[in-house]
Amino acid sequence: MSRNKQEEDPRINGIKTKIRVVPDFPKKGIMFQDITTVLLDPKAFKDTIDLFVERYRDKNISVVAGIEARGFLFGPPIALAIGAKFVPLRKPKKLPGETIFEEYELEYGNDRLEMHVGAVEAGDRALVVDDLIATGGTLCAAINLLERVGAEVVECACVIELPELKGRQRLKGKPLCMLVEYR
Amino acid sequence: MFAVENGLQGDPRLQAISDAIRVIPHFPKTGIMFQDITTLLLDPVAFKHVVDIFVDRYKHMNISLVAGVEARGFIFGPPIALAIGAKFVPLRKPGKLPGRVISEEYELEYGNDRLEMSVEAVKSHERALVIDDLVATGGTLSASINLLERAGAEVVECACVVGLPKFKGHCKLKGKPLYVLVEPSQLDEVTF
């Protein structure tokens with residue numbers, strides 16, 4: 001999954017062509033990266049999962065954490081394929097048991113990400129999954145939650161990166177793996 | 001219809017699935033014994049059993065579309081869709097899906113909610129499966145069936161991991177069969 005075009009896996013272009021860009025959603029000026037069109041193509045969806053599974057299957061990952069809600073689309077298939085647990089990181093008040101939370105900034109105001117207490121243990125090797133990285137705020141909150149309970153975050157994995165928003169620099173030094181860039 | 005009524009009686013996977021579900025009393029409000037499937041997701045073997053049982057059932061039914069209800073349907077639907085070579089269509093809360101959508105209202109205990117689906121996701125006459133983690137009143141599943149039928153799909157079945165006992169036998173939702181793996185877990189089972 002190198003950015004060097006010569007080495008790019010041929011499956012990546014197939015995935016990229018399936019991503020639908022929707023202008024002015026959810027508000028004017030935003031070019032929304034819609035991955036639901038990737039899910040409509042069984043081959044493109046499978047290729048997306050396979051690319052991540054191939055990368056992580058021998059890295060001893062014990063937990064895949066997926067960010068609500070689109071991280072739930074990609075995280076579980078990866079977790080199942082590599083034999084890891086899946087942990088949903090959710091908006092406030094959705095998880096029924098005892099939780100810990102981490103706040104992060106939105107454009108206006110803050111939001112929170114929650115994780116169940118006990119789901120992740122000290123020493124777990126974690127992968128964080130979301131469909132897209134923009135500013136990196138949500139991924140940073142996810143990394144914080146996992147580190148607070150003693151897990152080691154090995155990498156963050158996203159289908160799409162918006163590199164101009166420099167989210168990669170907000171990952172507390174953790175590496176990012178992405179498939180498709182949108183500039 | 002429950003899995004035990006349809007060939008899986010005595011299958012140890014069903015007990016493993018049931019044991020892995022945690023009960024949280026009085027969530028989201030007093031009196032509700034919430035079936036927490038997040039503990040099932042922490043058990044890779046039990047999670048895989050869920051997917052395997054659904055895949056075995058649906059792989060030869062010519063299903064071209066798996067629709068999953070936000071958000072827990074997003075966890076179970078995609079692995080099934082990937083394994084049977086079907087597309088996955090997310091059914092979402094209002095305002096989340098970009099592009100042209102159709103929406104269906106359904107009743108909550110107090111008030112209503114709405115479920116949306118992208119109009120371009122469905123082709124006419126597609127054979128569809130609807131997935132959610134749990135069925136209680138059937139309101140969300142019924143709304144899902146309506147959305148898919150309005151777009152021209154044929155809903156073959158609805159499938160859930162957990163279902164209330166009233167769905168035993170040949171109980172149908174809007175004329176569609178329902179397939180459930182386990183009944184709700186009880187509080188005295190130890191999980192986590």
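Over which ring does the charged end of Arg112(A) sit?

**View 1**
The charged end of Arg112(A) is placed over the ring of Phe101(A), 3.6 Å from the ring centre. This is a predicted model. Strand β5 (residues 99-105) of chain A pairs with β6(A) in the antiparallel sense, over seven bridges. Arg112(A) is the bridge partner, in β6(A), of Glu103(A). Strand β6 (residues 110-116) of chain A is mostly covered, with five of its seven residues buried. Four residues lie between the strands of the hairpin, where Gly109(A) takes a positive phi near 85°.

Mean pLDDT is 95 for chain A, and 96% of its residues reach 70 or more. Where pLDDT is low, predicted coordinates should not be read in detail.

**View 1. Asp47(A) in helix α3 of chain A.**
Asp47(A) belongs to helix α3 (residues 42-56) of chain A. Is Asp47(A) buried or exposed? Asp47(A) has a relative accessible area of 8%, so it counts as buried. Apart from neighbours within four places in sequence, Asp47(A) contacts Arg11(A) and Ile15(A).

**View 2. Positive phi at two residues of chain A other than glycine.**
Most residues other than glycine have a negative phi. Asn60(A) has a positive phi, near 55°. Asn60(A) lies in the loop between α3 and β3 of chain A. With a relative accessible area of 62%, Asn60(A) is exposed. Lys93(A) also has a positive phi, near 70°. Its loop runs between β4 (85-89) and β5 of chain A. Lys93(A) is exposed too, at a relative accessible area of 71%.

Most peptide bonds are trans. In chain A, the bond from Glu68(A) to Ala69(A) is cis, with omega near -10°. Ala69(A) sits in the loop between β3 (63-67) and α4 (71-82) of chain A. In chain B, a cis bond joins Glu70(B) and Ala71(B), with omega about -5°. Ala71(B) sits in the loop between β3 and α4 (73-84) of chain B.

**View 3. Aromatic pairs in chain B.**
The whole structure holds eight aromatic pairs over all chains. One of them joins Phe27(B) and Phe34(B), edge-to-face, at 5.1 Å centre to centre and 85° between the planes. Phe27(B) is buried at 16% relative accessibility, and Phe34(B) is buried at 14%. Another pair joins Phe54(B) and Tyr179(B): the centres are 6.3 Å apart and the planes stand at 70°, so the pair is edge-to-face. This pair links distant parts of the chain, 125 residues apart. Phe54(B) is in helix α3 (residues 44-58) of chain B, and Tyr179(B) is in strand β10 (residues 176-182) of chain B.

**View 4. The ring cluster around Tyr179(B).**
Which residues do ring pairs link into a cluster? Phe54(B), Tyr58(B) and Tyr179(B) are linked in this way. Phe54(B) is buried, at 0% relative accessibility. Tyr179(B) is buried as well, at 2%. Arg57(B) lies over the face of Tyr179(B), 4.1 Å from the ring centre.

**View 5. The open sheet of chain B.**
Six strands of chain B form an open sheet in the order β4-β3-β7-β8-β10-β9, with mixed pairing. Which strands stand at the edges? These are β4 (87-91) and β9 (172-173) of chain B. Each has a single partner strand, so one side of each is left without a neighbour in the sheet. Strand β3 (residues 65-69) and strand β7 (residues 127-135) of chain B pair in the parallel sense, over four bridges. Leu65(B) has Ala128(B) as its bridge partner in β7(B). Helix α5 (residues 139-150) of chain B lies across β3, β4, β7, β8 (154-163), β9 and β10 of chain B. The helix runs at about 165° to β7(B).

Note on methods: Residues numbered from 1 in each chain as written. Chains lettered and ligands numbered in written order. Predicted model: local features only at pLDDT ≥ 70, side-chain atom pairs only at ≥ 80, totals over all residues. Heavy atoms only, no water. pLDDT = per-residue confidence, 0-100. Phe/Tyr/Trp six-rings, centres within 6.5 Å; stacked < 30°, edge-to-face > 60°. Buried < 20%, exposed > 50% of the residue type's maximum accessible area, 1.4 Å probe, protein only. Lys NZ or Arg CZ within 6 Å of the ring centre and 35° of its normal. Pairing = 2+ DSSP bridges. Contact = heavy atoms within 4.5 Å. Axes fitted to C-alpha atoms, helices over the stretch in contact; angles between N-to-C directions.
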